[in-house]
Amino acid sequence: MNLKIAVQKSGRLHDGSMQLLKECGIELNNGGKQLRILSSNFPVEIFFLRDDDIPEYVQDGVVDLGIVGENVMLEKNKQTRLVERLGFGKCRLSLAVLRNESAKTLASLNGKRIATSYPVILRSFLDKNLVSASIHEISGSVEIAPRIGLADAICDIVSSGSTLFNNELEEIHTVLASEAVLIANDQLNEEQRLLMERLLFRIRSVKKAKNNKYVLLNAPNDKLDIICNLLPGMKSPTILPLAQPGWSSVHSVIQENDFWNVIEQLKDNGAEGILIVPIEKMVL
Ligand code: PRT
Ligand code: ZN
């Protein structure tokens, strides 16, 4: 039996999804424009679909798993389970108004018209925040709606913000922070569940490795305590004496998010020859 996984056929999540599967050691020979491919070394079948169709196919059991934006998962509102956030395809669904608009608060949207391709998410957000605005659903080019008088505001996906900027729009509120997510049919059988767990184990190892870096450095022995405190590592750092008296080599793992901060402090405390090495997989 194969685990069936839906991936976006083309578009912003296609490459990230294929890259993730590859990093999980799943070999897929995509010979062009096939709808469905099999892996040669893991029991999975990949189906290439439009992202909008993926939640429904997962719900109906046509496929077992799917990779979509959390925004699409929530908008389609099908019966699926969010299994894992995948760390790519990051964007946000935001409310924006014309830059020259004077009122830029949520409350100022009361009684206004908002254009969006995300009516379900927007309706629930407005209700929760007690804003009574009307929703004008359009499927594309949402960003031009305010300038042509079709709406007073928009609710659309933003990543760099340049589309908003080029259309004289200004973000006033984030409705949802989104990224690619793995969703699953909520009635997988035992065999499918076990295969999903094997895949998830690999995905988590890849994700952890991406968030961490391996550090090697030389430290004067009288500064070892301070330097080791800056480097918690997985257990504690590995310390090896160097040929040069009074110096040791320190090996550890640090997290990407406080990376520069830690490096600066290491240097300030006498560390030399600092090497930062990417980690390929991290199995804890
Ligand atoms: O053909 P198919 O239906 O499968 O694809 P699609 O055209 O519906 O989706 P696609 O490929 O555009 O996006 C797939 C998913 O990528 C979305 O559902 C989001 O989860 C995610 N994503 C990440 C984005 C963006 N970044 C993004 N920037 N989706 C859309 N955009 C749009 C945005 O709306 C804006 O108009 O790209 C434009 C540029 O954004 P800025 O802010 O960088 O200018
Ligand atoms: Zn789509």
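1. Basis of the comments. Because the model is predicted, local features need pLDDT of at least 70 and side-chain atom pairs count only at pLDDT 80 or more, while totals for chains, interfaces and linings use all residues. Residues are numbered from 1 along each chain as its sequence is written, chains are lettered from A and ligands numbered from 1 in the order in which they are written, and side-chain values use heavy atoms, with hydrogens and water left out.

2. The shell around ligand 1. Ligand 1 is surrounded by 21 residues, where a residue is near a molecule if one of its heavy atoms lies within 4 Å of it; the closest are Arg12, Asp52, Asn71, Ser160 and Thr163. By residue class, the shell holds five nonpolar, 11 polar and five charged residues, with Ala, Val, Leu, Ile, Met, Phe, Trp, Tyr, Cys and Pro counted as nonpolar, Asp, Glu, Lys and Arg as charged, and the others, Gly among them, as polar.

3. An oxygen atom of ligand 1 lies 2.8 Å from an N or O atom in the side chain of arginine 50, and an oxygen atom of the ligand is 2.9 Å from a polar backbone atom of isoleucine 157. In serine 162, a polar side-chain atom is 3.2 Å from an oxygen atom of ligand 1. The ligand taken alone exposes 850 Å², of which the protein buries 78%; such areas come from the Shrake-Rupley method with a 1.4 Å probe.

4. The pocket and the elements that contribute. The space taken by ligand 1 is the largest pocket, a pocket being, on a 1 Å grid over the protein atoms alone, an open set of points where a 1.4 Å probe fits, with protein on both sides within 12 Å along at least five of seven lines. Two or more residues of the shell come from each of α3 (70-76), β9 (153-158) and α5 (162-166), and β9 gives the largest share, three residues. Helices (H or I, at least four residues) and strands (E, at least two) are DSSP runs, numbered from the N terminus.

5. Serine 94. Which residue has a side chain in polar contact with that of serine 94? The partner is glutamate 171, at 2.6 Å between the side chains, a polar contact being a pair of N or O atoms within 3.5 Å, of which, within protein, one must be able to donate a hydrogen and the other to accept it, and residues adjacent in sequence count only if both atoms are side-chain atoms. Serine 94 belongs to strand β6 (residues 91-98) and counts as buried because its relative accessibility is 2%, with buried meaning under 20%, exposed over 50% and partly exposed in between (1.4 Å probe, protein chains only).

6. Two pairs of C-alpha atoms. Lysine 207, in helix α6 (residues 190-210), is partly exposed at 24% relative accessible area, and its C-alpha atom is separated by 27 Å from that of isoleucine 227, 20 residues apart along the chain. Glutamate 272, in strand β15 (residues 272-278), is partly exposed at 46%, and its C-alpha atom is 6.0 Å from that of leucine 217, 55 residues apart along the chain.

7. Positive phi values. Asparagine 77 is not a glycine, although its phi is positive, about 50°; it is placed in the loop between α3 and β5 (80-85) and counts as exposed at 60% relative accessibility. Glutamate 168, likewise not a glycine, has a positive phi of about 60°; this glutamate lies in the loop between α5 and β10 (169-178) and is partly exposed, with a relative accessible area of 41%.

Notes. On a 1 Å grid over the protein atoms alone, a cavity is a set of points where a 1.4 Å probe fits but cannot get out, and a pocket is an open set with protein on both sides within 12 Å along at least five of seven lines; lining residues have an atom within 4 Å of a point. A molecule sits in a cavity or pocket if more than half of its atoms lie within 2 Å of its grid points.
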